[in-house]
Amino acid sequence: MNKVLDDILSYREMCDAENQQTMQRGMNFRMNPAYSVILMSQRFNAPYSDRVHGDGITIEYEGHDVSKRKLELNHNPKTEDQPEKLPSGRLTQNGHFIKAVKDYKKSKNKPELIKVYEKILPGTWSLKGYFDLIDYKVAHDGKRNVFRFFLKLSDREENSKINTKTHEHNRLIPSVVKREVWKRDQGKCVLCGDSKNLHFDHDLPFSRGGTSLSANNVRLLCMTHNLKKSDKIE
Ligand SMILES: [Zn+2]
């Protein structure tokens, strides 16, 4: 079954979709030969650290911290600059993503294609879509330097796996809105109460002035009702 934008997946379904036993890391350079994978997991106390820009199609993703060193009790990764390289000189995931941006800017390569999943609640994930990795910057967060990566919703699709009907939805629904909708609709289709094959649906399509920035305009639909609706629009 093809997975489309804003589909809701269990952790297992997400791993299966990527042919992985487990997925632990946020950044996964070339997890698949054709694309990289990012898992967005917003911390409740820092809702804007990974955020959707005002244009509705760009997201900003913060790089990863130095790994915890077990033997150093006072070692706090949150106070250290995010690393581009390991002590051995090998690139970290940050480093791989940075290199991809540099290669793209030198026009050596197309932008790296990134498949982004976001965590709605523990065990509940949503496919945010496919993005082009277009830029990065180093930012100071008050304590240390962090990397911020800029990803723009891609018009390339992995072998057309994204249903073209979802172009109707080509504005991103922020994770905070998804979380609110999921809780409000209690993890069920609002029309029939089914709790399988769910999808975040723009009640009023973006092309007709609907906004994805408010939970009022987004609802949970099962696949059957989502398809019925798409047919009506066309
Ligand atoms: Zn339904």
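Which residue forms a salt bridge with D201? In this predicted model, where residues are numbered from 1 along each chain as its sequence is written, local features need pLDDT of at least 70, side-chain atom pairs count only at pLDDT 80 or more, and totals for chains, interfaces and linings use all residues. Side-chain values use heavy atoms, with hydrogens and water left out. The partner of D201 is R219, and the closest N and O atoms of the pair are 3.1 Å apart. A salt bridge here is a side-chain nitrogen of Lys or Arg within 4 Å of a carboxyl oxygen of Asp or Glu. This pair links distant parts of the chain, since D201 sits in strand β9 (residues 198-202) and R219 in strand β10 (residues 218-222), 18 residues apart. D201 is buried, with a relative accessible area of 1%, and R219 is buried as well, at 19%. Buried means under 20% relative accessible area, exposed means over 50%, and partly exposed lies in between, using a 1.4 Å probe and protein chains only.

The secondary structure comes to four helices and ten strands, and from the N terminus on the elements run β-α-β-β-β-β-α-β-β-β-α-β-β-α. Helices (H or I, at least four residues) and strands (E, at least two) are DSSP runs, numbered from the N terminus. Of the 234 residues, 47% count as buried. Among contacts with a separation of 6 or more, 60% come from residues 24 or more positions apart; contact means heavy atoms within 4.5 Å.

The salt bridges can now be taken further. Their count comes to 16. One of them joins E112 to R30, with the closest N and O atoms 2.6 Å apart. E112 belongs to strand β6 (residues 112-121) and R30 to strand β2 (residues 27-32), so that pair links distant parts of the chain, 82 residues apart. E112 is buried, with a relative accessible area of 6%, whereas R30 is partly exposed, at 43%. Another salt bridge pairs K78 with D65, again with the closest N and O atoms 2.6 Å apart. Both K78 and D65 lie in the loop between β5 (58-62) and α2 (93-105), 13 residues apart. K78 is partly exposed, with a relative accessible area of 36%, while D65 is buried, at 16%.

Salt bridges can also join up: D6, E118, K128 and K178 are linked in a network of them. D6 lies in the segment before β1 (8-10) and is buried, with a relative accessible area of 3%. Its side chain makes a polar contact with the side chain of K178 (2.7 Å). A polar contact is a pair of N or O atoms within 3.5 Å; within protein, one must be able to donate a hydrogen and the other to accept it, and residues adjacent in sequence count only if both atoms are side-chain atoms. Leaving aside residues up to four places away in sequence, D6 touches S126, L127, I173, K178, H199 and F200.

K178 leads on to helix α3, whose buried residues are S175, V177, K178, R179, V181 and W182. These residues pack against β1, β3 (35-40), β6, β7 (124-140), β9 and β10. After α3 comes Q186, whose phi is positive, near 55 degrees.

The zinc ion has four protein donors, C189 (SG), C192 (SG), C222 (SG) and H225 (ND1), which lie 2.0 to 2.4 Å from it. Donors are N, O and S atoms within 2.8 Å of the metal (3.2 Å for Na, K and Ca); water is not among the atoms, so sites may look incomplete. In sequence, the donor residues are spaced C-x2-C-x29-C-x2-H. C189 lies in the loop between α3 (175-184) and β9 and H225 in helix α4 (residues 223-233), so the pair ties together parts that are 36 residues apart in sequence.
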